[in-house]
Amino acid sequence: MKRVGLKIVLLIGLLSVGQMAGAELPRVGSLVPAVSVQRGGEIMLGKGGDTRQPWQAQWPQSRPQLIVHVAGRLAAKQQLDPVVTRLARTPWVNQQVGLTTIVNTDDSIWGSQPFVEHSILKSKKHAPSSHFVLDSSGVVAHQWHLQPESAAVIATTAQGQIVFFQQAPFSAANIDQLLDRLQLAVKSDLNSSFH
């Protein structure tokens, strides 16, 4: 009996190691770790209503990117308030930076997922050029080792190199640094397009 129990413990341990092997915390200076969302997916608006399609981080892009990852909880959304407020007062970000919001609906309070999805759909209708991704299995948080019940912000160059990464909480200094790094990425992107 003890041998069976030991084998089960070892098997669970090996499975955990196998799952973590592909996981990688985003690091400044590295490329965005590869990830794809099959369950849920990116919200697409069309004449017949909204649909979902699989999403994956793809590079290069036409401009620098801001990726916001948030658990499907009000508390996690509130952690982003200082970032969102500052971005709303910084018009060049909307004009020169692509925005993708990934909502981990697997990390939501039981029974609240439909309300979270409705809120994200409303956001997509309000900002149709932004990308909104529903991650129903929490694969992005798992693959990127993100904190549960929390929020994270990643800024990248158009080529996918990370120039800023921060998990909540977000201080005024963090947000200053985010905007500085994004502005440098925008300038670098503009300079490279003229050569």
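1. Helix α5 has a buried side. Its buried residues (under 20% relative accessible area with a 1.4 Å probe, protein chains only) are Val116, Ile120, Leu121 and Lys124. Seen down the axis of α5, these residues fall within an arc of 135°, so they line one face of the helix. The arc is that of the directions from the helix axis to the C-beta atoms. The opposite face carries the exposed residues (exposed is over 50%, partly exposed in between) Pro114, Phe115, His118, Lys122, Lys125 and His126.

2. On the basis of the numbers. This is a predicted model: local features need pLDDT of at least 70, side-chain atom pairs count only at pLDDT 80 or more, and totals for chains, interfaces and linings use all residues. Residues are numbered from 1 along each chain as its sequence is written, and side-chain values use heavy atoms, with hydrogens and water left out.

3. What does α5 pack against? Its buried residues pack against β1, β2, β4 and β5. Contact here means heavy atoms within 4.5 Å. The helix (residues 113–126) lies across these strands and runs at about 50° to β1 (36–46). Axes are lines fitted to C-alpha atoms, for helices over the stretch in contact, and angles run from 0 to 180 degrees between N-to-C directions. The length of α5 also checks out: at 1.5 Å a residue, its 14 residues should span 20 Å, and its end C-alpha atoms are 20 Å apart, which agrees. The expected span is 1.5 Å times one less than the number of residues.

4. Overall layout. The chain has 7 helices and 7 strands. Both are DSSP runs numbered from the N terminus: helices are H or I with at least four residues, strands E with at least two. From the N terminus on, the order is α-β-β-β-α-α-α-β-α-β-α-β-β-α. Of the 195 residues, 41% count as buried.

5. The sheet. It is open, has 7 strands in the order β2-β1-β5-β4-β3-β6-β7, and its pairing is mixed. Strands pair if DSSP finds at least two bridges between them. β2 (49–56) and β7 (162–167) stand at the edges with a single partner strand each, so one side of each lacks a neighbour in the sheet. Neighbouring strands are turned by 20° against each other on average, direction ignored.

6. β4 (residues 98–104) and β5 (residues 131–135) are parallel, over 4 bridges. Isoleucine 102 has valine 133 of β5 as its bridge partner. β3 and β6 run antiparallel, joined by 6 bridges. Valine 70 is bridged to alanine 151 of β6.

7. Strand β6 and its hairpin. β6 and β7 form a hairpin with 5 residues between them, and glycine 160 in the turn has a positive phi of about 95°.

8. Two nonpolar cores. A core is a set of buried Ala, Val, Leu, Ile, Met, Phe, Trp, Tyr and Cys residues joined through side-chain atoms within 4.5 Å. The largest has 30 residues, of which Leu66, Val153, Phe170 and Leu178 touch the most other members. α7 gives the most to this core, with 5 residues. Leucine 178 touches Leu66, Val83, Val153, Ala155 and Phe164, not counting residues up to four places away in sequence. A second, separate core of 16 residues includes Val32, Val140, Ala152 and Phe165.
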